[in-house]
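Me: I would like to learn how to read the pockets of a protein. Could you take me through them step by step?

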Amino acid sequence: MAEPRPRVWVSQPLFDDVVERLGQHFELTTTAEVTTYSPELLAQRLAPLDGALVTLNERIGAAEIAHAPQLRAIANVGVGYNNLDVAALSAAGILASNTPDVLTETTADLGFALLMAAARRITESERWLREGRWGQWSFQTMLGADIHGATLGILGMGRIGQGIARRGHHGFGMKVLYHNRSRLPEATEHALGARYVGFDELLAQADHLVLVLPYTARNHHIIDAAALAKMKPTATLVNIARGGIVDEPALA
């Protein structure tokens, strides 16, 4: 008699081809609709499992795994994993994994698209047009800010940050400044056209600042009222990291 296959749960709707492949190896339970889980419901889902494939929406710690004695692995679909209490999982002998470099270039594309949209006031202009407020062209109508030749600041120069730097330097002739917990090798800086600067200088010099750093206790609200006050009043701020990086009330 064949051994039973490991029981695996997928917490959110997933692509059909991926579900099919997973089903070849596991006794699979899928989720048909996007779902928000309370801690109690999440614990209930995890209790009978050998493994789970989850997203950043599911926060898993000691309480959620307390009644899951067979649980061996949590696969987190995403680069960031601040939704997982890694210490609690490790203490319980549960392997946690993430998916670095899967969406590096895709996320860099999106980050640069958001930068362009904010700087050139694209979404604002579209809303204005759809509201029927267009009259006639004038020199200062939705003027926005130039990207080509401007100073691009990047806070967090990992794989995605480097992808944004490449787009800015090679595609738009931007001057690239960055701040990171460790400086990149000189050859990498040269290839990206990037220069390492201190945090305060980055804030002061950037025409467009993109946040790409991981969310940690140290980085919580690293962009606060004091940081915003050091930026140019005309600067563009784009956050493609976790929301907790920015003190949102301070933006007002």
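What follows is a conversation about the pockets of this structure.

Reply: Please keep in mind that this is a predicted model, in which local features need pLDDT of at least 70 and side-chain atom pairs count only at pLDDT 80 or more, while totals for chains, interfaces and linings use all residues. Residues are numbered from 1 along each chain as its sequence is written, and side-chain values use heavy atoms, with hydrogens and water left out.

Me: How much space lies in the largest pocket?

Reply: Rolling a probe the size of a water molecule over the atoms shows where empty space is left. A pocket here is an open set of points, on a 1 Å grid over the protein atoms alone, where a 1.4 Å probe fits, with protein on both sides within 12 Å along at least five of seven lines; lining residues have an atom within 4 Å of a point. In the largest pocket there is about 1500 Å³ of space, and among its 45 lining residues Val79, Gly80, Val212, Leu213 and Pro214 are the closest to the centre.

Me: Where does the largest pocket lie?

Reply: Domain 1 (7-97) and domain 2 (103-131 + 145-250) both give residues to its lining, so the largest pocket lies between them; the domain bounds come from an automatic or database domain assignment.

Me: Which residues line the second largest pocket?

Reply: The second largest pocket, with about 150 Å³ of space, has a lining that includes Pro6, Val8, Leu22, Phe26 and Asp50. Strand S3 (51-54) and strand S4 (73-76) each give two or more residues to that lining, strands being DSSP runs (E, at least two residues) numbered from the N terminus.

Methods: Points joined across faces, edges and corners; volume = space filled by probe spheres on them. Helix = DSSP H or I, 4+ residues; strand = E, 2+ residues; numbered from the N terminus.
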